[in-house]
Every structure is written in structure tokens, then in C-alpha cells.
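Here is a short report on how one chain folds and packs. Look at the model, then read on.

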Amino acid sequence: LKVPLTVIYSIVIVVFIVLSYYRIDVWNNSNSLFTDVIEKNDRAYIAYNNRGLTYYEKADSVIKLGGDKAIINEYFSKALNDYNKSIEINAGFAMALSNRGNVKGMLRDIEGAVKDFEAAVKYNDKLESAYLGLGNANSMLGKTSDALKYYNIYIKINPNNGGVYYNLGNTYLNLNNRDIACQNYRKALDLGFIDAEMMVDKYCI
């Protein structure tokens, strides 16, 4: 007895719909989804990285709202745990290294952040987020020549991020090179980075 293909497809669709219905509670947010993946496969290093990113984003949201520092640190701690697990499973996963560097930077472990960003670009020399992190971290450490180097590498990969030109402007301004600083502030503004407008008005007119 042959079952028509249309019947088979209908059964498959119905089964999927039923399964989806019972998993809505799992898929209702990305954190739950990644947790579900990890529970099914504790070697899913990408899921650990992605769940870590959801904790990082939660911490960032609380910061923007001026929220409780304890809650912020709790989210960052959870993010670090997930990035650590991702890297434990796959030591060469550049994105997790770069993301962990971002958390360390937010926690003011700048030297630790630099090590993670450097490791990230070792494994993926096109990872723009790691070069941005290296630029920011070296700027915070007062290593302006290194900061400029990494910002410029970033721009070669992604020339359309106004925020990086803004950071370049700040770095050149700290070097008392107002002309080049203003070139970068204006470029940032052209790319829609509104914060640069104040710097243009203050230093470039």
C-alpha cells in the first residue's frame, strides 16, 4: 500500500506544528533557545557563545538604564562563564575570545581584554570586533600608537562604522593633532554618528 506524498507531507507538517506548539516556551527568547541547545549537547560551543552574548546584552541594557551594579555584574559573570566554556571546548573560536575580551574590558580588566583580542585575531585576522577591542583597550592603556594601528586595521575591514572614526578623532585630539582629529570627527558625522557633532562644533569650527 503506497501512501500518497501529499499525505506524508501533511503528516510531517502537522507533527512539526504540534512539536512547535509544545516548544514555544523554549523558543520565546534567545536565551532559552541556546540553553535548550546546550542541554541537548554540552559541547555546543557556539550556543555557549551566543548565550553569553545574551547575558552581555542584558548587562548593557541595565547599564543604559542606570540599574543596579550587582545585577550588571551578575550578567557579566554569566557571560564570562559561557565564553569560558565555549573557549574550553574550542580554544580557537575567535568570536568567543573577542566577546570575552569585551566583558573583561567592561569589568576594567584591560590587560586581560588585550590578551583575548590578540588571541582572537591570531585565529581570525579578519575579525573586526577584535581589532575594535584592541583599539579601545590600547587607548584606555594610553598606548595611542597601538590604538591608532588597530583602529586603522578595523577601518580597512569595515570603513562604514562612524563610531570608529569618532574614536580615531579622540585619539588624535589627545595627541594634539586637531586637524586629523577633525577629519575623523567629520567622517564620523557623515556616517551618521551623531555624537561627533558636538566635537565638530567644539574643535573644528
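Of the 205 residues of the protein chain, 40% count as buried, that is, under 20% relative accessible area, with exposed meaning over 50% and partly exposed in between (1.4 Å probe, protein chains only). The model is predicted: local features need pLDDT of at least 70, side-chain atom pairs count only at pLDDT 80 or more, and totals for chains, interfaces and linings use all residues. Residues are numbered from 1 along each chain as its sequence is written, and side-chain values use heavy atoms, with hydrogens and water left out.

The protein chain has twelve helices and zero strands. Helices (H or I, at least four residues) and strands (E, at least two) are DSSP runs, numbered from the N terminus. Along the sequence the pattern reads α-α-α-α-α-α-α-α-α-α-α-α. Contact means heavy atoms within 4.5 Å. Among contacts between residues at least 6 apart in sequence, 40% join residues at least 24 apart.

**Helix pairs**

Two packed helices are described by the angle between their axes and the distance between the axes. Axes are lines fitted to C-alpha atoms, for helices over the stretch in contact, and angles run from 0 to 180 degrees between N-to-C directions.

| Pair | Angle | Axis distance |
|---|---|---|
| Helix 3 (residues 30–40) and helix 4 (residues 45–64) | about 155 degrees | 9 Å |
| Helix 5 (residues 69–89) and helix 6 | roughly 150 degrees | within 9 Å |
| Helix 10 (residues 162–174) and helix 11 (residues 178–190) | about 160 degrees | 7 Å |

Helix 10 packs against helix 11 at about 160 degrees, which means that helix 10 is roughly antiparallel to helix 11. Angles under 35 degrees count as roughly parallel, over 145 as roughly antiparallel, 65 to 115 as roughly perpendicular and the rest as oblique. Helix 10 passes helix 11 in a left-handed crossing. A crossing is left-handed if the near helix is turned anticlockwise from the far one by less than a right angle, and right-handed if clockwise. Helix 10 makes this contact through residues including Y165, Y166 and L168, and helix 11 through residues including I180, N184 and Y185. By class, the contact has nine nonpolar, four polar and one charged residues. Here Ala, Val, Leu, Ile, Met, Phe, Trp, Tyr, Cys and Pro count as nonpolar, Asp, Glu, Lys and Arg as charged, and the others, Gly among them, as polar.

Helix 5 and helix 6 cross at roughly 150 degrees. Their crossing is left-handed. Among the residues in contact are F76, A79 and Y83 of helix 5 and L97, R100 and V103 of helix 6.

Helix 3 passes helix 4 in a left-handed crossing too. F34 and V37 of helix 3 and Y48 and Y55 of helix 4 are among the residues in contact.

**Cores**

Which residues touch the most other members of the largest nonpolar core? Of its 36 residues, they are A120, A130, L134, I155, Y166, L168 and Y185. Helices 6 to 12 each give two or more residues to this core. A nonpolar core is a set of buried Ala, Val, Leu, Ile, Met, Phe, Trp, Tyr and Cys residues joined through side-chain atoms within 4.5 Å. Another core lies apart, with ten residues, among them Y55, V62, F76 and A79. Leaving aside neighbours within four places in sequence, Y166 is in contact with N184, Y185, A188, F193, D195, A196 and M199.

**A loop residue**

K143 sits in the loop between helix 8 and helix 9. K143 is partly exposed, with a relative accessible area of 39%. K143 and T171 are 28 residues apart in sequence and 9.9 Å apart in space, C-alpha to C-alpha.
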